[in-house]
Amino acid sequence: MGFFSKLKESMSRGRKSDNEQDLTELQPEQEEVMEPEETAPQEIDQPLTQEPEKEESLPEEPVQEASVEEEEETEAQETEEEIAREVTSEEVTFPEPQQEEEPAPEEKKQGFFSKIKEGLTKTRKAMANTLGSVFSGFSSLDDDFYDELEECLILADLGVETSGKAVEALRRRVKENHLKEPEQAKQALKEILVDMLNVGDTKLRLNTKPSVILVIGVNGVGKTTTIGKLAKQMVDDGKKVLMCAGDTFRAAAADQLEIWANRTGADIVRQDEGADPASVVFDGIQAAKARGADVILCDTAGRLHNKANLMNELNKISRIINRELPDADKEILLVLDATTGQNGLLQAKQFKEIAGVTAMALTKLDGTAKGGIVVAVADTLQIPVKYIGVGEQADDLMPFDATDFVNALL
């Protein structure tokens, strides 16, 4: 009996130890279900010591797969860094040849001409469809050639009067120089058009401090945008510019001008919508005197050339400028939309009579304008064209050069 009881006791101990091992193996699963408070302290100690061993003894295959993926990612990052280094090195070395090329005046001239030519692409195509066929379709300079040429010039918006004047001048030039070929006549026509465009100084007179530029024109021609582009160019030249928001009729016109002022670094004087435009111009002149501004750019409301009341208001603004700044250089800049054709010529005639226009800027020549309106306005009114707009960027408002314009056009 003693031997049997001792054997039974040892077997019971073995079963107990097996049960405890089973409990320890099942303990992690119970921890996921049971809260820590419900487990006994003695049972918790054993799995806590075993958990890190189980985590370290996890299968090694997924770890190896993850490391392979990380190696692939690191290799991809290294290749991207190498590419980035190559790009940055190219970006650093790229501007150097440009800086060396900038001082060359001949290259600047070519860039200026190419920019005009690019901006006048559509206009040049419209002219080429008409004038190009004349010079290529005739073998001799007879009466039919001149008749066809005059008709094409009229269609190119030169107008009847200006076209007839240009053709008669060409007849005389051909006879005096004994020209025989249409290509020779084309070169002679270019010279005649350049002479028609050279009716005065194409640079703005801004020698006094302050000087005034009063910008006028009908609705939608781009007066406010032209002011912003002028301000950008003048500020870049080191001038202190003050904008005067004289267009108090159009909604958000002053806000648009203020955006240009912030963009270009110019000062601005404005009032609420509906205010008297003449009073805004007066405040602008006083502010320019106090702040030492070099140029005052005055915006005005768009007005139709046949509206007497609006034109009288424009005359009032001019009187205030003459009274407050009698010795200052003043430019009355008329902005015309080149796409309006001969209607733009009628506008220019009315504005010249009432406001005394001294300079013109023709915008939207990069569109479907035929280009001849520039010649018609300059020759008919004898007012120099000082700026042309060939795009939407600030540097797309370009100082006018008659030779470059005609060469880019024909």
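## Reading the sheet, the loops and a pocket

Tutor: Gladly, and please keep in mind from the start that this is a predicted model.

Student: Which strands form the sheet, and in what order do they stand?

Tutor: The general idea is that strands of a sheet pair through backbone hydrogen bonds, either parallel or antiparallel. In this structure eight strands form an open sheet, and reading across it gives the order β3-β2-β4-β1-β5-β6-β7-β8, with mixed pairing. Strands β3 (267–269) and β8 (397–399) stand at the edges with a single partner strand each, so one side of each has no neighbour in the sheet. From one strand to the next, the twist averages 25 degrees.

Student: How many bridges join β1 to β5, and in which sense do they pair?

Tutor: Strand β1, residues 211–216, pairs with strand β5, residues 330–337, in the parallel sense over five bridges. To find this pairing on your screen, look for Val-212, which stands opposite Lys-330 in β5, and then for Leu-214, which stands opposite Ile-332 in β5. On to the next pair: β5 and β6 run parallel and are joined by five bridges, and here Leu-333 stands opposite Ala-359 in β6.

Student: Is β5 mostly covered or mostly open?

Tutor: A residue is called buried when its relative accessible area is under 20%. Seven of the eight residues of β5 are buried, and the strand is therefore described as mostly covered.

Student: Which strands does helix α12 touch where it packs on the sheet?

Tutor: Helix α12, residues 277–291, touches β2, β3 and β4, and its direction makes about 165 degrees with that of β2.

Student: Let me turn to the loops. Where is Lys-209, and what does it touch?

Tutor: Lys-209 is in the loop between α9 (182–197) and β1, and at 59% relative accessibility it counts as exposed. Leaving aside residues up to four places away in sequence, Lys-209 touches Gly-292, Ala-293 and Asp-294. Sequence distance and distance in space are separate things to read: Lys-209 and Ile-296 are 87 residues apart in sequence, and their C-alpha atoms are 9.4 Å apart. Look also at the backbone, where the peptide bond from Lys-209 to Pro-210 is cis, with omega near 0 degrees.

Student: Which value of phi does His-178 have?

Tutor: His-178 is a residue other than glycine with a positive phi, near 55 degrees. His-178 lies in the loop between α8 (160–177) and α9, and it counts as exposed at 62% relative accessibility. Gln-382, which is not a glycine, also has a positive phi, about 55 degrees; it lies in the loop between α15 (372–381) and β7, and its relative accessible area of 47% makes it partly exposed.

Student: Is Asp-396 buried or exposed?

Tutor: Asp-396, in the loop between β7 and β8, counts as buried, with 9% relative accessibility.

Student: Finally, what lines the second largest pocket?

Tutor: The second largest pocket has a volume of about 190 Å³, and its lining includes Val-221, Thr-225, Lys-229, Asp-366 and Leu-397. By class, the lining has two nonpolar, six polar and four charged residues. Helix α10, residues 223–236, gives the most to this lining, with three residues.

Conventions
Residues are numbered from 1 along each chain as its sequence is written. This is a predicted model: local features need pLDDT of at least 70, side-chain atom pairs count only at pLDDT 80 or more; totals for chains, interfaces and linings use all residues. Side-chain values use heavy atoms; hydrogens and water are left out. On a 1 Å grid over the protein atoms alone, a cavity is a set of points where a 1.4 Å probe fits but cannot get out, and a pocket is an open set with protein on both sides within 12 Å along at least five of seven lines; lining residues have an atom within 4 Å of a point. Grid points are joined across faces, edges and corners, and a volume is the space filled by probe spheres set on the points. Helices (H or I, at least four residues) and strands (E, at least two) are DSSP runs, numbered from the N terminus. Ala, Val, Leu, Ile, Met, Phe, Trp, Tyr, Cys and Pro count as nonpolar, Asp, Glu, Lys and Arg as charged, and the others, Gly among them, as polar. Two strands pair if DSSP finds at least two bridges between them. Axes are lines fitted to C-alpha atoms, for helices over the stretch in contact, and angles run from 0 to 180 degrees between N-to-C directions. Contact means heavy atoms within 4.5 Å. Buried means under 20% relative accessible area, exposed over 50%, partly exposed in between (1.4 Å probe, protein chains only).
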